[in-house]
Amino acid sequence: MSAGQSWRRIKRDYGPYLPLSPYLFVVLFPFYWMVITAFKRDNDLYNLTTAPFWFKEPPTLSHLKLLLYDTLFLKWLQNSMVIGVLVVFVTLALALPAAYALARMKFPGAQPLSTAMFLSYLIPPTLLFLPLSQLVRGLGFTDSIWALVLVYPSFTLPFCTWLLMGFVRTVPKEIEESAQIDGCTRFQAFRMIIIPVIIPGIITAGIFAFTLTYQEYIYALTFISASANKTISYGVTSDLIRGDVFYWGSLMSGALIGAIPVAVIYAFSLDHFIHGLTAGALK
Amino acid sequence: MANGREFVDGAAVQTAPVVIQGSWSQREAVQSFLWIAPAFLYLAFFIAYPFFMSMYLSVSNARVGSPEHHFVGLINYQRLFADPVFWQTVRNSFVFTFGSEAIRLIIGLPLAFALNRAFKGKRVVQGIILIPFVIPIALSSLAWKWMFDSLYSVINWMLMRAHLIEYPWQWLGEPGLAMWSVIIMNVWRGFPFSAVILLAALTAVPQEIIEAAKIDGAGPLRRFHYVVVPIIRPILFVGLLYSIVFSFTDFSSVWLLTQGGPYNTTHVFGTYAYNIGINAGDIGMGAAITLFIFPFLAAIVIVMLRFLRKE
């Protein structure tokens with residue numbers, strides 16, 4: 001009887017975690033492996049006679065030093081951050097008025113334009129990178145981070161507009177009507193009533209714009225060639241592979257440090273993030 | 001709130017609301033154009049225009065670095081149809097997409113069920129599970145490339161110690177196995193998304209209905225099939241279509257792991273188009289390859305719109 005009771009207790013206390021543990025292992029192991037690799041000495045790294053899961057020789061900072069002093073890693077990080085922040089501003093500046101108008105104003109073509117916005121979200125970079133490479137060259141942005149600032153809103157804008165439309169719709173119309181009666185113009189009502197109310201939506205959209213931009217790879221690979229103009233995703237995956245030699249330790253430290261900005265933003269905005277993910281897909 | 005409402009009603013009585021209502025909506029058509037113009041002009045220039053441009057490029061002899069090109073008819077398409085690698089790419093794209101999608105659902109569903117209840121630390125667990133989806137794939141793919149290394153693969157080390165394999169597998173070097181490796185990484189990256197969508201769908205199922213079915217004597221499988229599935233189907237369906245579109249048009253995960261090799265066995269539309277369009281410099285033919293994504297996308301979009309209209 002007591003055995004049955006304690007089993008029930010175990011099931012009650014740990015039941016939810018048991019089915020989750022294999023998932024947590026699969027999710028986390030690659031990151032654990034990155035950390036170990038980033039600080040292992042080369043001898044240790046390429047010695048598989050005993051279990052590779054811990055240090056057999058003292059950890060080293062040499063991979064990190066190579067990354068920081070022999071590559072333009074910090075420059076790539078800076079490029080990615082600058083591009084990310086600029087794209088967030090451009091995206092919001094274009095998306096906010098469009099989202100408001102599509103959600104609230106009555107005009108001929110509002111419905112087809114909403115659909116067009118939704119469809120443009122489904123046109124992938126894979127379909128556009130070749131013509132866009134011609135286009136940015138034609139505009140004079142050959143091998144420049146400005147080419148990326150210019151092009152990245154093409155995937156952040158549809159998503160963020162769609163997301164913001166959902167938030168605008170949640171604002172009760174009565175509030176706006178009362179402002180209208182007080183003599184506010186559309187723009188004043190938008191600025192003083194809608195914007196403050198949908199701040200959570202604006203934050204969510206900003207987070208997504210930044211994360212999507214920070215993750216982008218194919219446009220950076222296609223438009224950029226000089227090392228000083230690379231973004232983090234492109235720089236780390238190209239400059240630490242020299243011929244056939246992979247600098248594994250430095251590659252892993254670069255990947256880890258490069259992931260920190262998105263990881264931090266994500267940790268502080270998990271709820272916004274999950275909301276945006278489901279809303280973006282389901283609305 | 002109550003005060004504001006009263007004020008509105010009071011004002012409405014005194015100041016003839018019709019006129020004021022008119023003052024906002026009269027200029028609406030003109031004004032709304034100003035509100036939406038920046039966004040749609042941008043999209044016209046950076047999505048619509050390049051899309052039509054790629055149609056033109058696909059019937060031209062455009063090359064990287066040469067400013068002049070002219071119309072050449074359907075030559076690029078004829079060359080593609082005669083190219084066995086292209087047909088292999090088409091096949092690979094479907095295997096990659098639907099293989100990844102099926103496995104994501106199979107492992108995402110139990111996860112969604114496990115998360116669909118209250119327990120201590122649920123937020124933290126949910127946060128950890130989503131990490132692969134948030135970290136840039138270019139960066140996490142490096143970890144996989146290292147774990148799939150031909151000499152120092154930690155996966156091989158584990159499998160050999162567990163006596164599951166007898167000799168080290170060439171995860172990225174062997175045709176067939178390389179496709180599995182690419183799918184494994186894509187599943188690792190994407191199953192958190194599937195699980196979150198599934199979880200959102202499951203939370204939408206009212207607990208009372210489940211309880212009622214329980215009282216009526218329905219077992220877990222019957223409850224799932226007859227009660228849960230019909231309710232979550234719409235969300236599931238749309239989430240799945242999104243996920244399919246992103247897998248089908250994926251470039252970075254395949255490119256960073258295998259670059260389409262070995263022997264083109266992992267080339268998908270994106271990687272083959274990059275190889276031909278940028279590496280070989282044949283933009284015309286590259287554009288023709290990417291355009292084959294379009295009928296597939298269009299089919300998905302039509303299904304999606306029709307479905308959303310029905311719901």
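Domain bounds here come from an automatic or database domain assignment. On that basis, the C-alpha centres of domain 1 and domain 2 of chain B lie 39 Å apart. Domain 1 of chain B covers 18-49, and domain 2 of chain B covers 78-310.

Before I go on, the conventions. This is a predicted model, in which local features need pLDDT of at least 70 and side-chain atom pairs count only at pLDDT 80 or more, while totals for chains, interfaces and linings use all residues. Residues are numbered from 1 along each chain as its sequence is written, with chains lettered from A and ligands numbered from 1 in the order in which they are written.

Now chain A. Its domain 1 is 17-59 and its domain 2 is 65-282, with 33 Å between their C-alpha centres. Six residues of domain 1 of chain A are in contact with six of domain 2 of chain A, where contact means that C-beta atoms, placed from the backbone, lie within 7 Å. Helix 2 (residues 21-39) of chain A gives the most to the domain 1 side, with four residues. Helices are DSSP runs of H or I with at least four residues, strands are runs of E with at least two, and both are numbered from the N terminus. Chain A has 16 helices and two strands.

On overall shape, the C-alpha trace of chain A spans about 80 × 75 × 30 Å along its principal axes.

Next, the interface. How many residues of chain A are in contact with chain B? There are 76, and they meet 81 residues of chain B. Helix 15 (residues 248-268) of chain A supplies the largest share of the chain A side, ten residues.

Leaving aside neighbours within four places in sequence, Ala255(A) is in contact with Met34(A) and Val236(A), and in chain B with Leu139(B), Ser140(B), Leu142(B) and Ala143(B). Ala255(A) also belongs to the largest nonpolar core, of 151 residues, where Ala95(A), Leu164(A), Met252(A) and Ala255(A) touch the most other members. Helix 10 (residues 177-203) of chain B gives the most to this core, with 16 residues. A nonpolar core is a set of buried Ala, Val, Leu, Ile, Met, Phe, Trp, Tyr and Cys residues joined through C-beta atoms within 7 Å. Buried means 20 or more other C-beta atoms within 10 Å of the residue's own, all placed from the backbone.

By that count, 44% of the 283 residues of chain A are buried.

Definitions and conventions:
Two residues are in contact if their C-beta atoms, placed from the backbone, lie within 7 Å. A residue is buried if 20 or more other C-beta atoms lie within 10 Å of its own, exposed if 12 or fewer, and partly exposed in between; C-beta atoms are placed from the backbone.
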